[in-house]
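Hi,

Here is the structure I promised to pass on to you.

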Amino acid sequence: MPALPSYNLAEVEWSTNGIKLYCTEPGVMTTLLEELKQHISHKVGVTRKAISGETDIYFIDNLKSQNQDVGRWFVMQLCRQGWEPFEARGLVAPLEGSVIFRRLVQA
């Protein structure tokens with residue numbers, strides 16, 4: 001029986017409270033956060049929570065009503081890096097939404 005494919009997962013979720021970033025591939029979100037800080041003129045609050053050695057969750061606040069725009073920026077960046085969006089929720093609502101991505105690790 002052939003082995004099932006293995007994937008890394010990432011999620012970008014935004015609301016009026018801020019943005020939550022989740023990723024099972026180390027370093028992906030920290031690199032994007034550093035890039036984001038170059039585009040935002042004010043100090044952004046970032047809180048990191050590690051669930052395990054392979055999973056990071058980041059909470060971003062103090063975006064001054066830019067949560068939706070910044071959330072979508074993260075979505076675009078992950079797509080450019082080859083992450084495949086496979087579930088999206090709430091994208092019609094103006095202030096909140098989330099997109100879950102996967103990226104093949106091994107076939």
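A word on the ground rules. This is a predicted model, so local features need pLDDT of at least 70 and side-chain atom pairs count only at pLDDT 80 or more, while totals for chains, interfaces and linings use all residues. Residues are numbered from 1 along each chain as its sequence is written, and side-chain values use heavy atoms, with hydrogens and water left out.

Let's begin with the core. A nonpolar core here is a set of buried Ala, Val, Leu, Ile, Met, Phe, Trp, Tyr and Cys residues joined through side-chain atoms within 4.5 Å. "Buried" means under 20% relative accessible area, "exposed" means over 50%, and "partly exposed" is in between (1.4 Å probe, protein chains only). The largest nonpolar core has 24 residues, and Val12, Leu21, Phe74 and Leu78 touch the most other members. Two or more residues each come from strands E1 (6-15), E2 (18-23), E4 (55-61) and E6 (97-106), and from helices H1 (28-39) and H2 (67-80). Those labels are DSSP runs numbered from the N terminus: helices are H or I with at least four residues, strands are E with at least two. As a rule, nonpolar side chains tend to be buried together in soluble globular proteins.

Is it buried or exposed? Asn67 counts as buried because its relative accessibility is 10%. A polar atom of the Asn67 side chain lies 2.6 Å from the backbone oxygen of Ser15. Leaving aside neighbours within four places in sequence, Asn67 is also in contact with Trp14, Thr16, Asn17, Gly18 and Ile19.

Now for the charged pairs. A salt bridge is a side-chain nitrogen of Lys or Arg within 4 Å of a carboxyl oxygen of Asp or Glu, and the count comes to six. Here are some to click on:

- Glu25 and Arg103 meet at 2.7 Å, N to O. This pair links distant parts of the chain, with Glu25 in the loop between E2 and H1 and Arg103 in strand E6, 78 residues apart.
- Arg102 and Glu84 meet at 3.2 Å, N to O. They are 18 residues apart, Arg102 in strand E6 and Glu84 in strand E5 (residues 84-89). Arg102 is partly exposed at 26%, and Glu84 is partly exposed at 37%.
- Glu34 and Lys37 have their closest N and O atoms 3.8 Å apart. Because they are three residues apart in helix H1, about one helical turn separates them.
- Glu11, Glu87 and Arg89 are linked in a network of salt bridges.

Finally, the outside. Ile51 sits in strand E3 (residues 45-52), and with a relative accessible area of 57% Ile51 is exposed.

Happy clicking!

Definitions and conventions. Polar contact = N/O pair within 3.5 Å; in protein donor to acceptor, adjacent residues only side chain to side chain. Contact = heavy atoms within 4.5 Å.
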